[in-house]
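Q: Can you walk me through this one? I'd like to go residue by residue, then look at the core.

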Amino acid sequence: MENYSSLSCEIQIIRARNVSLGGNLFVRCYLSAGEDQRVQINSQEIPSKSADHLFWDESFSLDCSGIQDSINRLKQGSVLFELHSRKKNTILPILSGSKMLGSAEIPWRSVFESTNMEIVEWAIMDKENVKPMAVQIAMKVKSVKETIKVKKNDSKLRSSSSCACMDYCGCNSSNVFSIDDYEVFALGAALGAL
């Protein structure tokens, strides 16, 4: 039997400070998704016309599920935040490329060990300057729960067309996935502005 757990998280990109002006700014986040895999999430682009108005206030909701070992690996991982600048290209903005201005890593452990499992802090992007460039972020774990116990490689689960385990064995997903695919947690990201 496998013990499956799930957790619901939220990452919020709030604002930036001490950033050189010019072009549009966005934050790129990288989240660990198992062995040598990661998920990339980009914030919206904001114009950097004024150093006083570098606000995103944008949230990403994450629902993660998998065997307990996978959830434990997530807890030991971190989120990499990169601040990028993109020159304005009015015809096709995506073709203009971007320049990484700086990066910072925030461990999930700091969230799990915090009061109410949430943190708000400045991710320092360049530690060498007197006034370092930084992005204010919030990270929160909304819920952690054990969801289901499934016997690994149970052929009855895979062949059933109305399995109660829903997507944990893939039987409701046209048999695209098997239980083995959930050795690494599944990560679904939904972008929603607050």
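**Working notes**

A: Glu 58 sits in strand 5 (residues 55-67); strands are DSSP runs of E, at least two residues, and helices runs of H or I, at least four, numbered from the N terminus. This is a predicted model, where local features need pLDDT of at least 70, side-chain atom pairs count only at pLDDT 80 or more, and totals for chains, interfaces and linings use all residues. Residues are numbered from 1 along each chain as its sequence is written, and side-chain values use heavy atoms, leaving out hydrogens and water.

Q: Is Glu 58 buried or exposed?
A: Glu 58 counts as buried because its relative accessibility is 2%. Buried means under 20% relative accessible area, exposed over 50%, partly exposed in between (1.4 Å probe, protein chains only).

Q: How far is Glu 58 from Ile 13?
A: They are 5.3 Å apart in space, C-alpha to C-alpha, and 45 residues apart in sequence.

Q: Now the core. Which residues have the most contacts inside the largest nonpolar one?
A: Ile 11, Ile 13, Phe 81, Trp 108 and Met 139, in a core of 35 residues. A nonpolar core is a set of buried Ala, Val, Leu, Ile, Met, Phe, Trp, Tyr and Cys residues joined through side-chain atoms within 4.5 Å. Strand 1 (residues 2-17) gives the largest share of this core, five residues.
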